Amino acid sequence: MSSHSPHGQSSLRTVQVLGGGNAGSSAHVRSLAAGLVARGVRVTVCAPGEADDTYDFTGAGAEHVHVPRSSDPGSVAALRAACTDADLVHAHGLHASFRAVLALSGRRTPLIVTWHNRAHAEGARAHLLRLLERRVARAATVVLGTTSDLVDRARGTGARDARLAAVALPGSRRTAGNEESESPPSKLRAELGAMGRPLFLAVGSLDGHRGHDLLLDAARVWRGLDPLPLVVVAGEGPRRAELQRRIEDEELPVRLLGRRDDVSELLAAADLALLPGGGESRSVLAQEALYARVPLVAALTGGVRELVGDAAELVPAHDPEAFAAAVVRLLDDPGRAELLRDLGTRQAAGWPTEDETVAQVLSVYDELTRPLPMI
């Protein structure tokens, strides 16, 4: 599928709007930009400068325009200028979508919105997020949700047209376990202090909705195992000091690694991948674990069952005892762990490819920009 260019007009021009705070959506926009450019679409990515430094949108053939994450008048004005003469605008994430709604006020430019995850907040901020969701859902021409529950949420908040649109994991993130890594697993395990003991990996920002409290509760149970497992957590965030104090006070076998750029290598070295909370609707760690044939234990939240099917040990959310027990069962049952590896390979084979993702998005673009037939 390719962009249309009716009656000698120039090719389709899209503006991709990105907040820059979510690694999954940023990687998706980079992949999408490369695929669209390859199909003759002109792409402008509006995102903070540091996002282009990390994801190299310009290297994918897109134009990059620096737009800060804030929704202040200056940022909205910069985005509005970038959207001039765009055939359509595609925003990713709630806050980027809200900026796009403000920037397109008074214009007829179609707005496509992709909700990659559900925004999390408490108290007065939760009420504000609900208002933003409603405003965005009602203003968007089409809302694309990466899971069925996000599609249902969009419809429930007033979306005129909400559709399921699974997002492929970029190929660069699917190499764990498939290629020889720069750091052999044995060397990495030695550096982490995990020789001769099970190694568990969790990945996610250290904030309130990633399930780290549940993970530490479960780690109390694993203190009684011999050999003692080691849990490593890759990620940074505002709760680091609080979590570190608890690890030290309770003498838990957990290490906070901070931000890491070698998650694929960590995963290749791990015995199990752990997903204790619902930070992502379409978890990158869950996808990488199945691609890498690393057994996954996950709390049943968000779209995890829709994503992994039967290829993981899924336990009730907010139940640390069940989570800990599922891990212990896998350690005691190598046959079950091997079965999950095989099921994971089959499940991952059914996920959409990057080409399929781009083709699906482009079909929506063509639908919204195709000239109406003459009557």
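At what angle do helix α8 and helix α9 pack, and how far apart are their axes?

## Helix pairs

Helix α8 (residues 212–222) and helix α9 (residues 240–250) pack at an angle of about 10°, and their axes are 11 Å apart. That makes α8 roughly parallel to α9, given that angles under 35 degrees count as roughly parallel, over 145 as roughly antiparallel, 65 to 115 as roughly perpendicular and the rest as oblique. On the α8 side the contact (heavy atoms within 4.5 Å) is made by His212, Asp213, Leu216, Asp217 and Arg220, and on the α9 side by Leu243, Arg246, Ile247 and Glu250. This is a predicted model, in which local features need pLDDT of at least 70 and side-chain atom pairs count only at pLDDT 80 or more, while totals for chains, interfaces and linings use all residues. Residues are numbered from 1 along each chain as its sequence is written, and side-chain values use heavy atoms, with hydrogens and water left out.

The axes of helix α3 (residues 73–82) and α4 come within 9 Å and cross at roughly 70°, and α3 and α4 are therefore roughly perpendicular to each other. Here the contact is made by Val76, Leu79 and Arg80 of α3 together with Arg99, Ala100, Leu102 and Ala103 of α4. Axes are lines fitted to C-alpha atoms, for helices over the stretch in contact, and angles run from 0 to 180 degrees between N-to-C directions; helices (H or I, at least four residues) and strands (E, at least two) are DSSP runs, numbered from the N terminus.

## The sheet and its helices

An open sheet of seven strands has the order β3-β2-β1-β4-β5-β6-β7, with parallel pairing, where two strands pair if DSSP finds at least two bridges between them. β3 (63–66) and β7 (162–164) stand at the edges with a single partner strand each, so one side of each is left without a neighbour in the sheet. Neighbouring strands of this sheet are turned by 20° against each other on average, direction ignored.

Strand β2 (residues 42–47) and β3 pair in the parallel sense over four bridges, and the bridge partner of cysteine 46 in β3 is valine 65. Helix α4 (residues 94–103) packs on the sheet, touching β1 (13–18), β4 (88–92) and β5 (111–115), and its direction makes about 150° with that of β4. α15 also packs on the sheet, touching β1, β4, β5, β6 (142–145) and β7, with its direction at about 140° to that of β4.

## Cysteines

The count comes to zero disulfides, a disulfide being a pair of cysteine sulfur atoms within 2.5 Å. For cysteine 46, the nearest cysteine sulfur is that of cysteine 83, 5.5 Å away, which is too far for a bond. Cysteine 46 counts as buried at 1% relative accessibility, and cysteine 83 counts as buried at 2%; buried means under 20% relative accessible area, exposed over 50%, and partly exposed in between (1.4 Å probe, protein chains only).

## Aromatic pairs

The structure holds three aromatic pairs. The rings of tyrosine 55 and phenylalanine 57 have their centres 6.3 Å apart and their planes at 20°, so the pair is stacked; rings of Phe, Tyr and Trp (its six-membered ring) pair if their centres lie within 6.5 Å, with planes under 30 degrees apart counting as stacked, over 60 as edge-to-face and the rest as tilted. Tyrosine 55 is partly exposed, with a relative accessible area of 21%, whereas phenylalanine 57 is buried, with a value of 0%.

The rings of tyrosine 291 and tryptophan 351 have their centres 5.3 Å apart and their planes at 75°, so this pair is edge-to-face. Tyrosine 291 lies in helix α11 (residues 284–291) and tryptophan 351 in the loop between α14 (334–349) and α15 (354–369), so the pair ties together parts that are 60 residues apart in sequence. Both tyrosine 291 and tryptophan 351 are buried.
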